[in-house]
Amino acid sequence: MTTRTARRLARPGRIVAAAGGALALAASLVACDALPGPLGGEDPSSPAATAAPMAPEQVAGAETVPVDPAWLCEPGTAEDPLPSRDAGTLTPTSVQAEGNEVMITGDLALTAEAAYGGLAPEAVIVPAHPADRGAPAEGYADELGVDGAPAPPMVVRARVETTTEGPAPSTVTVRLVLGTCDDAPLPDGQYLLRLSGAGPEGSGRAAERSGWEASADVLLDVVDGRLRAVPGAVTAEDGETPADLSSLGCGRELAPVGDGAGLSVAAADPSPAVHAEAGEDEAGAGATAQVTAASENHGTLPLMTGIVVTRPGDGVIVAGARNAGSIPLQWMDGEGVSTAETAWTTHGTCHGALSPGDYRAHAFAVTVDVEGATHVVLSDPWDLEVLEGAEPEDG
């Protein structure tokens, strides 16, 4: 039985990089012939020469080879098979998932002294934190595969391995077959997948010169026992993804954006009236409702909900405007996501507290689709009256 010294994560709060393998598929999947390698004597910190991008369709059709996940399934009984990951970085750019297979494409940058001979990708997959989709769940932030560490809920059981001569492709695609340690069905939930690897012959000195790791964790869901990519997001280290909220800005005429990407929104118990001034013991007054967003697509998705208030004459937003550049990731099941929302009318509005009068209010939900386009969905509107003064103390 062998053990290894536990290493803390290089990036606090993120999952540890995983192992490269020992099996090799004796076929190059690079799209075209490799270019000559770098000349000796180059600065080892400088990037290595690159070949043409790898062809994803060839990886998709290639045969997979089995992977032994014992070092993760039986922590402390086997060593992490990749001793170093300092030779390069893979930056994930796209992810596809179906059944129990995932394909990840990314830009690969190796150092000038890296010993590239192909790819033997590996991954560690851990649950995402329910309150921060970019961080691992409690208990999974430390090194895995060591004595006392938990076995992850999913592991790599097979992969496509590639061999080639010459410099590394500028872009590579890895294909992994995921399973569990006990051959159980894939468990539903949100996951972070950290890629790493080396060459198929990576062991000893060769592995030390070829090991690489991903720059960020790939987001992945399991819904009804099947893998699913998160719409509109490949990685999200802060648990949020970019979104275009310009249509919800102050002074914009309110209108839906896009086709909704399967999202719907409804407002329950909307407030019919608010006062123009806050009461003595109130933080402020505003339009309120219980806002529920639902989707045909379950799992993790970018989602923001809220309320906006418009002038009835021209539909221009006067309160509840949004100007953030990103929205959080949330888990969506068949019941949807329901939150109590407020659009303040006494402060934080577009032009000071709203004057007494008649207005319109809408609940909204925002999501981002797989192409990165922002969709804004609106509820049925309701009439909102702003009353003079503050609400009397007796209500």
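1. Is aspartate 80 buried or exposed? Aspartate 80 is buried, at a relative accessible area of 7%. Here buried means under 20% relative accessible area, exposed means over 50%, and partly exposed is in between (1.4 Å probe, protein chains only). The salt-bridge partner of aspartate 80 is arginine 85, with 2.6 Å between the closest N and O atoms. A salt bridge is taken as a side-chain nitrogen of Lys or Arg within 4 Å of a carboxyl oxygen of Asp or Glu. Arginine 85 is buried too, its relative accessible area being 11%.

2. On the basis of the note: this is a predicted model, in which local features need pLDDT of at least 70 and side-chain atom pairs count only at pLDDT 80 or more, while totals for chains, interfaces and linings use all residues. Residues are numbered from 1 along each chain as its sequence is written, and side-chain values use heavy atoms, with hydrogens and water left out.

3. Overall make-up. The protein chain has 395 residues, and 50% of them are buried. Its secondary structure consists of three helices and 26 strands. Helices (H or I, at least four residues) and strands (E, at least two) are DSSP runs, numbered from the N terminus. The chain has an accessible surface of about 17,400 Å², and carbon and sulfur atoms account for 49% of that. Accessible areas come from the Shrake-Rupley method with a 1.4 Å probe; for residues, only the protein chains shown count as cover.

4. Contacts along the sequence. Of the contacts between residues at least 6 apart in sequence, 78% join residues at least 24 apart. A contact means heavy atoms within 4.5 Å.

5. Salt bridges. The count in this model is seven. Side chains of opposite charge can pair when their charged atoms come close. Besides the pair in point 1, arginine 159 and glutamate 161 form a salt bridge, with the closest N and O atoms 2.7 Å apart. Arginine 159 is buried at 2% relative accessibility, and glutamate 161 is buried at 0%.

6. A salt bridge between two strands. Arginine 360 and aspartate 383 meet through their side chains at 2.7 Å, N to O. Arginine 360 belongs to strand S24 (residues 357–368) and aspartate 383 to strand S26 (residues 382–390), so this pair links distant parts of the chain, 23 residues apart. Arginine 360 is partly exposed, with 30% relative accessibility, whereas aspartate 383 is exposed, with 53%.

7. Disulfides. The whole structure contains two, a disulfide being a pair of cysteine sulfur atoms within 2.5 Å. With bonded cysteines counted along the chain, the pattern is 1-2, 3-4.

8. Cysteine 73 to cysteine 181. The sulfur atoms of this disulfide are 2.0 Å apart. The S-S torsion is about -85 degrees, so the disulfide is left-handed. Cysteine 73 sits in helix H2 (residues 70–73), and cysteine 181 sits in the loop between strand S10 (171–179) and strand S11 (189–198), so the bond ties together parts that are 108 residues apart in sequence. Cysteine 181 is partly exposed, at 31% relative accessibility.

9. Cysteine 250 to cysteine 350. Here the sulfur atoms are 2.0 Å apart. The torsion about the S-S bond is about -90 degrees, so this disulfide is left-handed. Cysteine 250 is in the loop between strand S15 (240–242) and strand S16 (263–268), and cysteine 350 is in the loop between strand S23 (337–344) and S24, so the pair ties together parts that are 100 residues apart in sequence. Cysteine 250 is partly exposed at 46% relative accessibility, while cysteine 350 is buried at 17%.

10. Strand S7. This strand (residues 154–159) is mostly covered, with five of its six residues buried. Which strands does S7 pair with? Among them is strand S2 (residues 65–66), antiparallel to S7 over two bridges, where valine 65 has arginine 159 as its bridge partner. Strand S5 (residues 118–129) runs antiparallel to S7 and is joined to it by two bridges; isoleucine 125 has methionine 154 as its partner there. S10 also pairs with S7 in the antiparallel sense, over four bridges, and alanine 158 is partnered by valine 177 in S10. Two strands pair if DSSP finds at least two bridges between them.

11. Arginine 159 links two of these topics. Arginine 159 takes part in the salt bridge with glutamate 161 and is the bridge partner of valine 65 in S7.
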